Amino acid sequence: MARKASTWILDGNHAAAQGAKLSRVQVIAAYPITPQSPVTETLSEFVEGGKLDAQYIAVESEHSALAVCTSASMVGARTFTATSSHGLAYMHEMLHWAAGARLPVVLAGVNRAIGAPWNVLNDQQDSISQRDTGWIQIYARNNQEILDSIIQAYKIAESIYVPVMVCYDGYVLSHTEMPVDVPSQEAVDRFLPPYKPHTILDPANPKNYNLVTLANPRINAEGVLCHGYMELRYLLQEALQDSREMIIKVGQEFGELFGRSYANMFWENRLDGADIVIVAMGSLAMEAIVAADMLREAGHKVGVLGLRVFRPFPKADVMKALKKSRLVVIFDKNISYGLEGATCSEIKSALYGSSVRAVIRNFIVGLGGRDVKARELVDAVNKSLLSVKEGDLNKEYPEWICGI
Amino acid sequence: MGTRDCQHICGESSPAVGEAGKTGEWRDSFPVIDQEKCLPVRQNKPSCFLCWLYCPDAVINKTIPIQINMEYCKGCGICAQVCPAHAITMVNEEGFCPNETD
């Protein structure tokens, strides 16, 4: 059994920094942005104070940060970066690159609203906007999950060679202190072996990686038929489709060693026997549990599906969990403009072809750091219940809980 | 037989002649050397060889007479540009008509 962990009072940013430190990251390249800056400031203090044997590279932009991380990862280093909002947007091209190059970079995404207009407070638009890039996306509900998810992220990433983004709500988690069990270094070392890269730059055996690749497969000088662009991209999708198994396995192993299991794609709260399900992601999933308590007191059979892994989207698991539901209320701290909240679209996609005939309602909440109260979630569910009576399965556009 | 046998998970290649295929097929004009003007040929000793030095695809040999590997020459025309004796002319491939209009 692992040496007993100690409980520290940590905010989300410090929990993330501890996670990276315990994972023995070797190269950290980062650029500051509110509300992420303390993550990498803390890591730079660890490096400077000799507590973490790593190279800390202060780059001039987030684009460079991820460029440095991908380059270092290519030569076999375990790398880490953190960012938010505009910084994540600035990295956009390199997010595609890291995934296509199959590099196990881990990124802490501290969720912050994106301008215009300027806003430094929390919503999930930033990471949701990057869901197409090919990264695994995991959302933390509290600071313990932040620390734990970063450690697991390395194990997942390095097993299947897909980069992982651990997302957590800016300010709500990043700057809020909570008790966190910090595992011992020995225990983490037992859980997380050193990184074995699939690419290595070796002068004795020179190679060109991620070269210009044409549309069609080509026969190389050795007569071997090599992938065209589409085949390489297929492999990335295949890796993501198959990653569920590894994510659950790593979550299970983590539970066995540290006493907190993550063998799931989402957190289930009283889903058994519930015919009304609230879906939320990140810290909002905790608020949803409070709302569910209130609704249960009023006699409703409400459960909460706290989405944890957003990419790969757990279609089969969601379909199974919502089988008995007649109302699904999805709260999104983001919106795909012109359509609806991202989680809502994806849940609908998961349910297509199943026998589930639940009413689905989508509410946009909390943008730009707007506080979301459990009472408001309760009111939204009650409002949705009224439309169940009218037999209205789907609305064209989501409703917004705001001052308009 | 698919491409999975190559066992790459990202784009990957090793340096080798012809790794990207017969790139000579890409060209629309090719270099022709006038041996009466070429300096190493006239002097019958190794000299000049600026075409070899500047060729971006390393398809020119420092031989007398100079040989160009037409399997990989892309017809960029740099050799013709740099030749101090103006011994190299770029000739259009058969079927390539740059000024043709309908």
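Guide: Start with strand 6 and strand 15 (residues 309-311) of chain A, which pair in the antiparallel sense over 2 bridges. A:Val309 in strand 15 is the bridge partner of A:Ile138. This is a predicted model, where local features need pLDDT of at least 70, side-chain atom pairs count only at pLDDT 80 or more, and totals for chains, interfaces and linings use all residues. Residues are numbered from 1 along each chain as its sequence is written, while chains are lettered from A and ligands numbered from 1 in the order in which they are written.

Visitor: What makes strand 6 and strand 15 of chain A a pair?

Guide: Two strands pair if DSSP finds at least two bridges between them. Strand 6 and strand 15 of chain A have 2 bridges, so they pair. A strand is a DSSP run of E, at least two residues; a helix is a run of H or I, at least four; both are numbered from the N terminus.

Visitor: How do you know that strand 6 of chain A also pairs with strand 7 of chain A?

Guide: Count again: 4 bridges join strand 6 to strand 7 (residues 164-169) of chain A, and these run parallel. A:Tyr139 stands opposite A:Cys167 there.

Visitor: Are the residues of strand 6 of chain A buried or exposed?

Guide: A:Ile136 and A:Ile138 point one way, A:Gln137 and A:Tyr139 the other, and all are buried. Buried requires 20 or more other C-beta atoms within 10 Å of a residue's own, with C-beta atoms placed from the backbone; 12 or fewer is exposed, and in between is partly exposed.

Visitor: Which strands stand at the edges of the sheet, and why?

Guide: In chain A, 7 strands form an open sheet in the order 3-2-4-5-7-6-15, with mixed pairing. Strand 3 (55-58) and strand 15 of chain A each have a single partner strand, so one side of each is left without a neighbour in the sheet.

Visitor: What makes chain A as compact as a globular protein of its length?

Guide: The globule rule is 2.2 Å times the number of residues to the power 0.38, and the radius of gyration is taken over C-alpha atoms. For 404 residues the rule gives 22 Å; chain A has 21 Å, which is close, so chain A is as compact as a globular protein of that length.
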